[in-house]
Amino acid sequence: KICLIADTKHQEEAKASKLDIEVTDIDTLKKFNKDKKLIKRWAKQYSVLLATDSLVKKIPVVLGPTLNRIGMFPQVVTHDTPLKTKVNDTRASIKFQLKKFTSSSQ
């Protein structure tokens, strides 16, 4: 499940290309009022967050450091590349975390 934090141009592009993603704007994020629990609950329902390049700098101002702390900071989407390509690339890439383990091989 992917969420796009978009400006008006990207919102229209997402509607026009009928992508299976949720679209939100910066005003919706302002309603969280930097409430950590609300932000976490909202972010956890998505596997990936995307954001319009012009809004990326505003996100930490609006939400605070919470998204960084939970490892859900949005990936940047520019107006140069089509939204559909970015979404398909994101779906194709697998997000994984390296886990440290001790091996007992001799």
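Reader: How much accessible surface does the protein chain have, and what share belongs to carbon and sulfur atoms?
Author: The model is a predicted one. Its protein chain has an accessible surface of about 7500 Å², and carbon and sulfur atoms account for 53% of that.

Reader: And what percentage of the residues is buried?
Author: Of 106 residues in the protein chain, 36% count as buried.

Reader: Switching to the fold. How many helices and strands?
Author: Seven helices and four strands. Along the sequence they come in the pattern β-α-β-α-α-β-α-α-α-β-α.

Reader: What share of the contacts between residues at least 6 apart joins residues at least 24 apart?
Author: In the protein chain, that share is 68%.

Reader: Now aromatics. How many pairs in the whole structure?
Author: The search finds two aromatic pairs. In one of them, Phe 32 and Trp 42 have ring centres 5.7 Å apart and planes at 50°, so this pair is tilted.

Reader: Where do Phe 32 and Trp 42 lie?
Author: Phe 32 is in the loop between helix H2 (26-30) and helix H3 (36-44), while Trp 42 is in helix H3, so the pair ties together parts 10 residues apart in sequence.

Reader: What about the rings of Trp 42 and Tyr 46?
Author: Their centres are 5.6 Å apart and their planes at 70°, so the pair is edge-to-face. Tyr 46 is buried, as is Trp 42.

Reader: Which residues do the ring pairs link into a cluster?
Author: Phe 32, Trp 42 and Tyr 46.

Terms used
Residues numbered from 1 in each chain as written. Predicted model: local features only at pLDDT ≥ 70, side-chain atom pairs only at ≥ 80, totals over all residues. Heavy atoms only, no water. Helix = DSSP H or I, 4+ residues; strand = E, 2+ residues; numbered from the N terminus. Buried < 20%, exposed > 50% of the residue type's maximum accessible area, 1.4 Å probe, protein only. Contact = heavy atoms within 4.5 Å. Areas by Shrake-Rupley, 256 points an atom, 1.4 Å probe, with all protein chains shown as cover. Phe/Tyr/Trp six-rings, centres within 6.5 Å; stacked < 30°, edge-to-face > 60°.
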